Amino acid sequence: MVKIRSSEITPEHVYFSRRKFMKGIGALALGSVVMSACSNQEAVTAKETVIAGSTTGSTSLFEEPAPEANPPADTPNSYEAITTYNNYYEFSVMKQQVADMAKDFKTSPWTVQVGGLVNNPKTHDIDDLVKRFPQEERIYRLRCVEGWSMVIPWQGFPLAQLLKEVEPTAKAKYVRFESILAPDQMPGQNDAYFKWPYAEGLRLDEAMNDLALMVTGLYGKPLPPQNGAPLRLAVPWKYGFKSAKAIVKIDLVEEQPTSLWMAAAPDEYGFYANVNPEKAHPRWSQSSERRIGEGGRRKTLLFNGYEAEVAHLYTGMDLNANY
Ligand SMILES: Nc1nc2c(c(=O)[nH]1)N[C@H]1C(S)=C(S)[C@@H](COP(=O)(O)O)O[C@H]1N2
Ligand SMILES: [Mo]
């Protein structure tokens, strides 16, 4: 049996095999198939391709090459790579199509409401927000749950600043982030499989950690629509899907929020989603990753390499149970 390297599977293969698969098995299975394509164009789709071609569905049909022992230092990915390889399901599940489909997305006017269990709720106009909070550059690794990664020079300001200003009450335990609902502009939102709008959440102490960044720019330029303009999160120690794009609402809440991905596939995507090489996704290993722009694979690091900054948040917690 020919071994298929996951990195050789192009989104086009995935797409067309998925169409075939869907036709073959009928509408009932649509949900799970859409979902498979969603979060695993890297590895699992190799398996899907095989299933679609009606060979066996064994999981060991493809093998990931061993990670390099001494990977090169982290260097930022090119502007080109960062802005043309995007996950943004509101527009498309095809990463290379997102930039084009999002190019006319209206990011102005834009307001962001910060409220819920707070003493001092605020509604911000995005332009005021950018002026009021000093913008800093942060170069972060981004590790997608699908098994690829990038290094991205963001601009933004710590989420903690926004949260302190609204004065969370003692009851506030979590922060819930909501992305825009605009099905007229976002064709993916007409896919009823997902519960739109995109939502994410953090524990309040995670949200207050200095690494958690509200992002407004990239490579010294305003954030392009495909990367989540005008305002998105960057939570670099968690899988990329925690970093919600196009945020319009931030609520302090008492109960753990249910994210779009938790609602779609609770046994695959938990609330915490900390990068953890030891905890495999139910359908693929998370022990290594493909850095976009590199040939080989890298070892995936606990908390995506930000252990010194965030490990204390999880003292005494079973990271495999709280995935
Ligand atoms: N609203 C919204 N936010 C989102 C997503 C999405 O589909 N919709 N995809 C997530 C995923 S899976 C990843 S890996 C990152 C990708 O960010 P990038 O395209 O800027 O690299 O955005 C995250 N934020
Ligand atoms: Mo992702």
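Q: Which residues count as nonpolar, which as charged and which as polar, and how is the shell around ligand 1 divided by class?
A: Ala, Val, Leu, Ile, Met, Phe, Trp, Tyr, Cys and Pro count as nonpolar, Asp, Glu, Lys and Arg as charged, and the others, Gly among them, as polar. By that division, the shell around ligand 1 holds 7 nonpolar, 6 polar and 3 charged residues. The model is predicted, so local features need pLDDT of at least 70 and side-chain atom pairs pLDDT 80 or more, while totals for chains, interfaces and linings use all residues. Residues are numbered from 1 along each chain as written, chains are lettered from A and ligands numbered from 1 in written order, and side-chain values use heavy atoms, without hydrogens and water.

Q: How many residues surround ligand 1, and which are the closest?
A: There are 16 residues around ligand 1, and the closest are Tyr 89, Glu 90, Arg 232, Ser 243 and Lys 245; a residue is near a molecule if one of its heavy atoms lies within 4 Å of it.

Q: Why is Lys 95 called buried?
A: Buried means under 20% relative accessible area (1.4 Å probe, protein chains only), and Lys 95 has 1% relative accessibility, so Lys 95 counts as buried. Lys 95 is placed in helix H5, a helix being a DSSP run (H or I) of at least four residues, and its side chain makes a polar contact of 3.3 Å with that of Asn 87.

Q: Why is Lys 103 called exposed?
A: Exposed means over 50%, and Lys 103 stands at 52% relative accessibility, so Lys 103 counts as exposed. Lys 103 is in the loop between helix H5 (95-102) and strand E1 (111-116), and its C-alpha atom is 8.1 Å from that of Pro 224, although the two are 121 residues apart along the chain.

Q: How do you know that helix H7 is mostly covered?
A: Of the 8 residues of helix H7 (residues 159-166), 6 are buried, namely Leu 159, Ala 160, Leu 162, Leu 163, Glu 165 and Val 166. After H7 comes Glu 167, with a positive phi near 55 degrees.

Technical notes:
Helix = DSSP H or I, 4+ residues; strand = E, 2+ residues; numbered from the N terminus. Polar contact = N/O pair within 3.5 Å; in protein donor to acceptor, adjacent residues only side chain to side chain.
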